[in-house]
Amino acid sequence: MKFELNEYKASLTDEEILSDIKQVADSLNVDYISISTYKKYGKYSQTAIQGHFGTWKRALSLAGLRKERTSSERKLISDDDYIADVQRVAAMLGSDTVGYDDYKKNGSFSVEHIFKRFSSWEEFLLKAGLEPTGLAKRKITKEELFEEIERIWILLGRQPTSTDIIKHGVSKYSIDTYKRRFGGWRKALEAFVDYINSDNTEESPDVLVTPMNGENESVSESSIESAPKRQAQKPIHSTSRNINARLRFQVLKRDHFKCCACGASPAKNPNVELEVDHIVAWANGGETILDNLQTLCSKCNNGKSNVL
Ligand SMILES: [Zn+2]
């Protein structure tokens, strides 16, 4: 059988809908009913009600019913009820996110009460697996997702699991964002590892060569080409001072996401910030290579730093 849309029933009047709403309320012996209750027992669709009255509140008011729940009625609404409802609206709009205004138009609950229950609209959207409205306005890049995976990895001190993302709320992006972009959490991690292992240096203009595989290619100034790589008296470098994200992660991972000096880790103390430091200072000719880099916490690094 072919799937077809229902014919729009042009003959449906406001009165027919209102009397059906009243009838449902009467049969349940209440003076307030929610749109979801109405959908369970009533004859007409939410779309039809919106078409005729704009909002559910307005329909209730015209039907002579109470427009809002009392606070005790509200307490009976579970978090899951709210979440299911915003997911329904997102699906209806074909969107990753739902703004206040769209929810006001299409949702079954009051946004103010959602705000109270979930502390913020963005929190609520995240709990529902949707995108925060601020982020949804533009496409999140893969690099941003990689940065976030890196941040979480460092924070936990280990490979993050999908449970960390879903249940423990450590990611600022929802699991669905990673799934949509990469096809699954595992695939996101694989893409991240490929990214970290790729030997493309970053677009930083002063990155001249990739020294890791011992292949020293010529540099713009030929004098540097013949300079000894290490123990240079003058700080002549074959690498950029800048530690790119990939190298940074390789150092952190090698050092087990702990400070090499005091052992502090963000996994044990979220206030710990890890930095990647040149063992032989860059100013003294130290290169930006894995062997000359170490993980230090910001405290130990400040104590050590002889620059600035
Ligand atoms: Zn330390």
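A nonpolar core is a set of buried Ala, Val, Leu, Ile, Met, Phe, Trp, Tyr and Cys residues joined through C-beta atoms within 7 Å, where a residue is buried if 20 or more other C-beta atoms, placed from the backbone, lie within 10 Å of its own, exposed if 12 or fewer, and partly exposed in between. The model is predicted, so that local features need pLDDT of at least 70 and side-chain atom pairs count only at pLDDT 80 or more, while totals for chains, interfaces and linings use all residues. Residues are numbered from 1 along each chain as its sequence is written.

**The largest core**
- In the largest nonpolar core, which has 21 residues, Ile149, Leu252, Leu274 and Cys297 touch the most other members.
- Helix H11 (142-156), helix H14 (185-197), helix H16 (245-254) and strand S2 (293-297) each give two or more residues to this core, helices being DSSP runs of H or I with at least four residues and strands runs of E with at least two, numbered from the N terminus.
- Because domain 3 (142-197) and domain 4 (236-304) both give residues to this core, it lies between them; the domain bounds come from an automatic or database domain assignment.
- Apart from it lies another core, of 12 residues, among them Val24, Ala25, Trp56 and Leu60.

**Helix H1**
- In H1, the residues Ile17, Ile21, Val24 and Ala25 are buried.
- These four cover an arc of only 95 degrees around the axis, which puts them on the same side of H1, the arc being that of the directions from the helix axis to the C-beta atoms.
- On the other side of H1, Glu15, Ser19, Asp26 and Ser27 are exposed.
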